[in-house]
Amino acid sequence: MRGKSVAMAVGLMWCVLAGPAIADNTTGGSQGSTDFSAASARIVNGSSEVLAGSGNLVVSSVEIAGDSVVVVLRSASDAAQVTLNLSSEVVGGASLAVGTLIQTVADSTGYLLTAGSAAIAYVPNEVGRSLLYHARHKERD
Amino acid sequence: MRRILVGALLLLLLTPFAYAGQTCSTRAPAPESVRKGLALAFKTRNALGKTDARLVLIGRVGADLSAQGLRYSHMGFAWRGTLDGRWQIMHLLNHCGRADSDLFDEGLGNFFLDDPFAYESIVEVPSPGLQEKLLHVLASPEPDLLHTASYSMIAYPYSARYQNSNQWVLELIAAGIANARGMSRTDAQRWLRDSGYVPSRVRISPMQRLGATLFRANVRFDDHIPEELASGRYQIVSVESVIDFVSRLDPATRRFVITLD
């Protein structure tokens with residue numbers, strides 16, 4: 001009886017683990033795409049050279065403007081500044097505040113800005129911009 | 001032992017709720033995911049640039065399907081804009097946490113930014129003749145006419161009740177190859193069956209089916225035939241089955257895989 005109960009418990013545990021897994025592991029991967037175009041940052045003042053020139057930047061001001069957050073970043077190595085318009089949805093989870101250290105990583109498509117472990121923005125260069133686009137398909141007549 | 005049983009039962013009752021509404025995340029993507037996704041898009045674009053293709057089929061590894069003998073989870077059409085030369089993807093996406101879908105035009109970058117299981121893409125380059133037919137179809141009303149918003153991940157290949165993303169691609173291919181306008185989904189499916197299309201089969205246990213029925217809006221079983229419900233083996237339109245079908249009907253098709261390695 002004891003052995004049977006153990007088997008039942010194991011069976012139930014298996015059901016718990018296996019049941020929900022079907023949706024993610026059968027034909028998954030077609031769910032709503034991240035609208036990363038909207039999450040991209042836009043430089044409103046200054047130059048992208050500030051992002052390219054230093055791996056570390058510091059937040060010197062944060063201002064919420066509707067759905068956007070205007071952030072001024074100052075180079076940790078000199079006085080150069082760049083002002084970015086970011087998506088508040090993306091920044092919201094990153095707890096951006098004055099003094100927050102922002103790391104920049106340059107790659108072939110632009111600059112990835114991270115605060116701690118959270119990506120707060122991607123500032124695409126020309127190549128990056130050509131890779132990002134998101135729109136609901138418009139029906140043709 | 002009684003405590004173990006009670007604990008297991010409580011988990012059985014409560015765990016599925018932890019999954020409800022969490023079919024996908026709306027949180028900002030992790031830095032590494034973003035970096036890798038864009039790197040793969042860049043590499044894919046460069047690989048496409050070395051071809052003379054104007055339209056390809058493109059697939060991604062959105063989930064680990066190895067237990068079902070499958071690698072790729074989702075596919076769409078990628079086409080090169082005639083004016084600016086940019087590659088754009090047209091595909092069907094299931095709205096996050098919902099039971100419906102829409103058609104989207106996206107860049108290559110967006111296609112790989114959905115936190116895939118593996119950073120790998122598969123590209124199927126049809127013959128120039130088939131590319132021409134498919135471009136013509138994509139520019140017509142057919143993408144919308146052959147779209148059913150009611151979504152099921154495991155939609156039965158020969159029912160028009162639901163549709164998954166790969167099924168939409170397959171049915172548009174049918175309209176393109178058959179060169180038929182105004183084709184219904186039922187017509188397309190009949191044509192596919194008559195033309196030798198072979199769906200993939202996935203195994204779903206009764207308990208998995210129960211869990212999905214109760215807690216997953218985007219997994220439906222009521223379009224499948226009784227034999228499949230009884231056997232637990234369900235026919236679906238997979239990326240692999242679409243690629244195999246196109247390769248058979250269009251032997252000049254070329255294929256390559258792109259990884260970040």
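Two strands count as paired if DSSP finds at least two bridges between them. Helices (H or I, at least four residues) and strands (E, at least two) are DSSP runs, numbered from the N terminus. This is a predicted model, where local features need pLDDT of at least 70 and side-chain atom pairs count only at pLDDT 80 or more, while totals for chains, interfaces and linings use all residues. Residues are numbered from 1 along each chain as its sequence is written, with chains lettered from A and ligands numbered from 1 in the order in which they are written.

Let's start with the sheet. It's an open one of 7 strands, with antiparallel pairing, in the order β8(A)-β4(B)-β3(B)-β2(B)-β1(B)-β5(B)-β8(B). Its edges, each pairing on one side only, are β8 of chain A and β8 of chain B. From one strand to the next, the twist averages 25°. Inside the sheet, 7 bridges join β3(B) to the antiparallel β4(B), and B:L93 sits opposite B:D102 of β4(B).

| β8(A) | 134-136 |

Now for the core, a set of buried Ala, Val, Leu, Ile, Met, Phe, Trp, Tyr and Cys residues joined through C-beta atoms within 7 Å. "Buried" takes 20 or more other C-beta atoms within 10 Å of a residue's own, with C-beta atoms placed from the backbone. The largest nonpolar core has 86 residues, and A:I120, B:A41, B:F77, B:V169, B:I173 and B:V242 touch the most other members. Helix α6 of chain B (residues 165-178) gives this core its largest share, 8 residues.

Chain B as a whole has 10 helices and 8 strands, and 44% of its 261 residues are buried.

Terms used
A residue is buried if 20 or more other C-beta atoms lie within 10 Å of its own, exposed if 12 or fewer, and partly exposed in between; C-beta atoms are placed from the backbone. Axes are lines fitted to C-alpha atoms, for helices over the stretch in contact, and angles run from 0 to 180 degrees between N-to-C directions.
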